[in-house]
Structure formats: structure tokens, C-alpha cells
Amino acid sequence: MLNAAVAKYLRTLLILGRTSNLPTVWSNCIAGWYLGAGEDWTRLLVLCVGATCLYLGGMFLNDAFDADFDRQHRSERPIPTGAISVGGVWLWGLGWLAAGALILMQFGRVTAILTLLLLICILIYDAVHKAMAFAPVLMAVCRFLLYLVASSVSEQGVGGLAIWGGFALAAYIIGLSFIARRESTRGAVSGWPAILLLAPIGLAMLVNTGSYLTTALQLSVLLGLWILWCLSHTLWRPNRNVGRTVAGLLAGIVLVDLVAITGAPLWLGMLLLVLFASTLVFQRFIPAT
């Protein structure tokens, strides 16, 4: 009985943390680190641990702030089902955020400042995302800042490619988030956010030349086809499935990172493809949203 109870509680924690999406956080770290000319794998691993803690903290507090909303609209979430108390979720969330901040701030002043900004953005997003129309922008800023944090950990620090790559990712996140807002409310889904999903492709076409352009084009086609496949479940089918669209687009964040690091060694690209596949597999067991 004890083992069953422990297993149930661990699954509750995995659901609260939306852990199926963790590979997208790690791919963000890899992309930002690589674009900053990262070479030290030890620093990258510590970066991923710190970013994981911040992500988990943000996801836990997301449910803590949304407890009343979830009782009305998402009764399957852990708090409404009674799997965990609101107070317990607050403790876990704040603990994760504190751990992540302490880990990342050890990398120096620039990383510490960016981490603090990221932490503030996470808290603001969690507090207002259900009430404010601009919440998707806050989510995008969180991922943008994660790119900068990752780049600041690398040897050359925050550079132009990391910043532009972060902007392209942010545009993609805004488009994804606007679609995701309709998952719980069942409102009409507009097609305009799809334009923002294509921002990483536009950037890849602008910054790559020569042989890199061919690779960028191939990776962009892969990303574009995946976006179309995900959108088809919501925009072009009689029985729309916003949840499936959102889960697929979340996994697509890894492909956005893959496009961003066009020209990276083949093994690094293969690593991101493994993370992409891992996200899709994990989503079969842990809900992505």
C-alpha cells in the first residue's frame, strides 16, 4: 500500500510539473549555449539542472494560482482531484524556483541578473496569465530570457545570434500560447497565430548563407510540415482537438531550436531530434498541458 501511495504521489508531481515538456527546456539550453559558442559540457549540464528547477517551479505555481479556475474548468488536474493540497503545491513550486535560482546565479553577475529577470517573469506570468490578454507575451519572454541565460553561461556570453534566436522562439511561443488559451475555454480558434509560428523559419532564411542555407532550408521544411500537421487537428478537421495541436507545437519547440543551430555538428542535431522524439513519447504518459 505504501509503495502504491508513493507511486501515486510521484505521478502527481510529474503531472504538476508537466514534465513531458522538459526536453524542450533542455533543447533551449543547448541552443542558447551553442549560439554563445559554448564548449564546456559541465557548465551546460549545470545549466540544464538549474533551468529544470525553474521550469518545474513555474509549472507547480501555475496550478497553485489556477486552483479555483481548474476546479471549474479542469477538474482532472491534481488539486481539484484532491491528489495534493494547494499549500503543498505552493511549497513545491517555491522550493523549485529557489533551487533553480541558486544554481544558475553561481555562473556570475550577468547570468544572475538574467536569472532574476526570468524568475520575476515566471511569477508574473503564473499570477496573471488567466486574466490578462498579453499573457502569451509573458510566456514568450520567459523562453527568450532562458535563451539569454543559456548563452550567458557559454564562453563568449550573450551574442547576436542567441538574441535573434531567442526573438524567433518568442514569436513561436506567442503563437502557440494564443492557441493554447482556447484549450480550456473552448472559444473560437483564430488562424492568425500560425503566422508567428513561422518566425524561426524566416530568421533561418535570413541569417544562413552558402551551404548552411541548404541545411537551414531542409530543417525549415521539417519544422513547417510539423506545424501544419499540428494545426490540422484544430483548424481543418470537423472535430477539433486543440489539446493535440498544443501538445504537438510544444514538442515543436525542439525543432525550433534545431533550426536555430543550423551548422552545428551532426551529433548535436541528432541529440535534439532525440529530445523531440522523447517529448512526444513522454506526452503519452504525462499530459503536456
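Start by selecting α2 (22-35), α9 (160-180), α12 (199-207) and α14 (242-260): each gives at least two residues to the lining of the second largest pocket. Helices here are DSSP runs of H or I with at least four residues, numbered from the N terminus. This is a predicted model, in which local features need pLDDT of at least 70 and side-chain atom pairs count only at pLDDT 80 or more, while totals for chains, interfaces and linings use all residues. Residues are numbered from 1 along each chain as its sequence is written, and side-chain values use heavy atoms, with hydrogens and water left out.

Next, show Leu35, Leu161, Asn208, Ala260 and Thr262, which lie nearest the centre of the second largest pocket among its 19 lining residues. A pocket is an open set of points on a 1 Å grid over the protein atoms alone, where a 1.4 Å probe fits and protein lies on both sides within 12 Å along at least five of seven lines; lining residues have an atom within 4 Å of a point. The volume of the second largest pocket is about 330 Å³, counted as the space filled by probe spheres set on the points, with grid points joined across faces, edges and corners. Its lining has 15 nonpolar, 4 polar and no charged residues. Nonpolar covers Ala, Val, Leu, Ile, Met, Phe, Trp, Tyr, Cys and Pro; charged covers Asp, Glu, Lys and Arg; the others, Gly among them, are polar.

Move to the largest pocket, with about 890 Å³ of space. Select Met59, Asn62, Tyr125, His129 and Met139, the nearest to its centre of 41 lining residues. Then colour α3 (41-65), which supplies the largest share of this lining, 7 residues. By class, the lining of the largest pocket holds 21 nonpolar, 8 polar and 12 charged residues.

Now pick Gly100 in helix α6 (residues 86-104). Gly100 counts as buried because its relative accessibility is 0%, where buried means under 20% relative accessible area (1.4 Å probe, protein chains only). Show Gly50, Cys53 and Leu54 as well: Gly100 touches them, leaving aside residues up to four places away in sequence. Contact means heavy atoms within 4.5 Å. Leu47 is 53 residues from Gly100 in sequence, and their C-alpha atoms are 9.1 Å apart.

Along its principal axes, the C-alpha trace spans about 60 × 50 × 35 Å. Of the 289 residues, 54% count as buried.

Note on methods
Buried < 20%, exposed > 50% of the residue type's maximum accessible area, 1.4 Å probe, protein only.
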